[in-house]
Each structure stands twice: as C-alpha cells, then as structure tokens.
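Try each task before you read its solution.

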Amino acid sequence: MSTTVGRSLGRYRAPIVVVAMLSSLLLIVPFLVLVATSWTSGSFILFPPEGFSLDWYAEVLADPEWTESFRLSLWTAALSTAIAAVLGTLAAIGLTRVRHTTARRWIRTLFIVPIALPPIAYAVGLYGVTVDLPFLRGTLATLVVGHALIALPYVFVIVSGGIARIDPALRPAASTLGARWPLILWKIELPAILPYLLSGALFAFVVVFDEVVLAVFLMPPGEQTLPLQMLNASQEAFSPELTAASTLVSGLALLVLAIVPVGRVLRRRAGRAASPRPAEGQAAPEGVTP
Amino acid sequence: MPSLTMPRARADARGRKPLGVSRAEHRWLLWPPLIFFAVALGFPLLTLVRRSLEGGGAAYADAFEVPAFTGSLVRTVVMAAVVMALTMVLGSLYALAVVASPTWLRFGLLAALVLSLWTSIMVRSFGWMLLELPRGALHWFLDLLGLADEPIELYQTTAGMYPAMVAVMLPFAVLPVMTALQSIDRQQLSAATIFGAGPWLTFRAVTWPQIMPSVLSGGVLVFVMSLGFYVTPLLLGGPGNMTVSGVINAQMNQANRPDIGAAMSILLVGGTMVVYLLADRLFRVSEKWG
C-alpha cells in the first residue's frame, strides 16, 4: 500500500519525508530531554545532566504526596472511564437504531461535543454546581462525572467505527431466527465491538488520567490528582523530582500500551486453540461498508 | 465514518418492520447516555448562564472592561488559527510520509506519534520548558555547534510557545489524514501514473480530493481544542501570553469575580460551539473522526 502512494509522490517524496522526520523531532526531543534531566545526581535541573543516579526516582516513590496522588488519579480515572465506556457504547449502539437521518446527525454531534468543549469553561460550570448543591461539596463526584463526560466521545467514536464493520446482514438474520434485541445485542454486537470497546476505554483512560483543568477547580482542599500535583510542583520549583515523576508516569503509560497488543495476540492464539473456527470469522467484512 | 444502517434502514422503510426497532430498545440504549448528557453537560451550562446573569447581564459588560480580556480573546483566536494552519500542513505531510516511506522509517514516525499521543500534554510541555530555558537543552546544543554564547530568550515568549503548541496538537491532525490515506484507492493512483500524470497532477487530482475532508476535520479539531487551551500556554507562554482560559482562571481564583468568570466562560463555550457546529454542518467534521 505504501509503495503506490510513495511512487505517486515522485520527486516530492524525499522532501516530504525529510519534513516529517524533522517534525517527529518536535515530538520526541522534548521528551528525551525530560527523561535525561531526571537521572541527574545534582539537585537542580541541568542539561546535560550531571552524573547519573536514580535517586530522584527513589525520592518520588518514597514520597507519600506523589504516591497518594497517583492512587487517587488511578481510581477516579478508572471510575470515570467505566462510566464513559458503558454510556459511550450504549450511545454508539443506540444511535444505529435511530432511523431519522437528521435526528441521527444531531445526536451524533451531541455525543462528540465534549471534545470541543473548552475544559476551563466546563470546569467553572461544574464548580458552580458544587457551590449550589452543598451535598456535593468535598466529594469527588463532580470530578468523576465531568471526566466521564470528557472521556465519552473517545469511546463513542472508536466503538462507532467498530459497529460500522459488523456485517449488516447479521442482525436481520438473527431477528428472523427469532432472537429478540437483548439477545442480538449480547450475542452478536457486543462480541464484535469488544476490541473497539477496550481500545476506546484505554484511550479514554489516558485522556482522563492526564486531565488537569477540571482538577484545578474541583479537587477538595488537601487532595490532589497526579496531574494537579505535577502542575503545582512546576509552579513552585522545577526540580528533578518533577521530571522523574513525569518520566515514571509516561513510562507506565507506554508499558500499558505495549502490554495491550501482546495480550490481544495471546488471547487470539488461545481462542484459536480453543475453537477450530477462525477468530476473524465474524469480523470486518471490510468491503460491505464503504 | 461510513453510513451505519443502509441495508436495515431500507428494509425497515419497506416492510412493516419485521426486523424493526422496538421502543424498549430505544429506551434502554439511547436514553441512558442522553440523560447523562442532560445532567453532566446541561446542568453546568445552565449554572454558568444563571451565574453570569446574576447582575442582570452586567457581568458581560464587566467582562469586556477587564483589560486583559479583549487582548486575550484576539490572542487566543490568532493562536488557534496559526496553530491550526501549521498543524494542517505539517500533519498532512507527516501522514503522507508515513504511508510513503520504507518500513523502518514508517515505524520510527509512528513511534514518535504514539509516544506523543500517549504521554500527557503536561509532560510534553515540561519537556519543551526544559528545552527552552535560557540555559536549557537548546542552548547547550547551539553552544555545541558554536552558535550561542548568550543564554537564549525563548522561554515564556510567543516565539517559544508556538513550536510547543504545534507539537502538542500535531497528532490530532496526523491521525485522520493517515486513516484517509490508508483507504485511498490505489488503482486510481496507478491509473493516473499510467496515463502520464506527473506527481503534482496526481496529487492534486487524485490524492488531495480524497484526503481533503480529513485534513479539514483534523484542522477544525485542532482549532477548537486550541481555543480552550490552558496548560501549554500557561507553562510556555508566560504572563504575557494569557489565553482566554488563563483570564477566566484569574477571574475565578485571583480577582474573585465568579460572575465575570461565568460570563467569559459562556462567551468561550458559545464561540467554540458556533465554530464547531458550523464546521460540522459545512464539512461533516464529526463523521471523519475515529
């Protein structure tokens, strides 16, 4: 596939590739600098780093402020992601049942709107809600709900992409054979979109885990999510502790990213061993939905 | 996004919907996410409107009295537009390079993309700070080449902010174009070449029309997200480059005028939504994502 597009670019191909390589430096170099400064043995941020030590990593891991905020981020993000995953999937499936074209377009737009919503304005609004409703004060409910709303579009878009690949003949076939809609949903649609649901949820989790603006406004005093802790630390003093923490978080994220495809391959192998039917059987009649 | 329901929709329209959609199905699938949106999105927005109208609309007039506001408004729009233009150009070239380059290079380009998509925006902004500090990594590098004796003055300047913003937003412009390029019809490219079209004509007549909608939707996404940008301008632009988000934050947390903050938030949300909905009507943006 690459070669055709590549060949069609002719003599422009080399300059395009060079520009892309330079742009990829924009993406990589800052991160490498960040990582490098975190293994300094000095107590200031310097580039190139002085000596080499992992002291700052030990410092971060031993500091309850960092570990507490990490734990808090982990469970609030997990909760928001779970809400977003369920509702986003329902939204994506439910939308295919709407027959009115205009209605479908509007509802679809609505479900994607949170991507375009300026986080600070939404945070101010949610903050206003907490002020008005005293029983929400001091809880993390608004934060979790707000994050779920922000995460929902990602699940929705990715799962919608998966639904588009389901063979459209399957539903009528199952219906003709007497299956009612919950059964069709459970036996046909959910298994087919499960991989999309998982990758959507993973993406949503990463988005929510990094989100800081809502946390600035909605965290009860004394508690901090990890991104908020990082932002506050950067405003006070830019120390190797902060870059070590950033490196650890990014490393963890990349580790998860690396594990997921491996897990998927393993599962597919296991599935193949368990049943003679090829796993690709029900998936992706690519030509059906142009 | 391909249309999701072609065959079934036709069957439904003809027959007495033997395979149709029951009311219960609608209720259970579409209502939960819609209710969630009404609560999680409608409530905060209503609160914003109410809060901003508390003084009988005086808050809106006061908002424009805040000296920093009009400047930040112009600055934010200009910034979003410039970042959009730059990411559209670089993103398209990047996507082209990904599909047009040999495997090893494609792997590198994709790795850079995934790395930056998967690490948090804040961590990447930290990396840019380290790069741009007066005696940061960039200074070290230029010094190595014998180009810089004086500390460089990039940190917290407008010129220093743009590269970071472009780098942060670049993946959002690359991904849709890459998806479009991968599904391009190779036969048309080959046909164009066979009939003697040069690389420029082939690109203009065959490739561009097929990827243009995705380039546009990526650009709109970047524009809309940049309007609400908070973290990167805060860390890299400094006080001289306050965006609307920064001014809202100042109204809420320093000036202690929640009504003005709410009025500004309404203006920001309103502006962003108008842009997004217009773009969605004109270019069917939301259908290109995912």
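**Before you start.** This is a predicted model, in which local features need pLDDT of at least 70, side-chain atom pairs count only at pLDDT 80 or more, and totals for chains, interfaces and linings use all residues. Residues are numbered from 1 along each chain as its sequence is written, while chains are lettered from A and ligands numbered from 1 in the order in which they are written.

**Exercise 1.** Find the helix content and the end-to-end C-alpha distance of residues 140-164 of chain A.

*Solution.* Start with the record: an unreviewed UniProt entry annotates "transmembrane region" at several spans of chain A, including 107-128 and 140-164. Such annotations may be inferred rather than shown by experiment. Next, residues 140-164 of chain A are 92% helix and 0% strand, with end C-alpha atoms 36 Å apart. Helices are DSSP runs (H or I, at least four residues), and strands are runs of E (at least two). Now do likewise for residues 107-128 of chain A: 91% helix, 0% strand, and ends 26 Å apart.

**Exercise 2.** Which helix gives the largest share of the side of chain A that touches chain B?

*Solution.* First take the whole interface: 88 residues of chain A contact 98 residues of chain B. Contact here requires C-beta atoms, placed from the backbone, within 7 Å. Then look for the main contributor, which is helix H2 (residues 13-38) of chain A, with 16 residues. Finally, sort chain A's side by residue type: 58 nonpolar, 22 polar and 8 charged. In this scheme Ala, Val, Leu, Ile, Met, Phe, Trp, Tyr, Cys and Pro are nonpolar, Asp, Glu, Lys and Arg are charged, and the others, Gly among them, are polar.

Notes:
Two residues are in contact if their C-beta atoms, placed from the backbone, lie within 7 Å.
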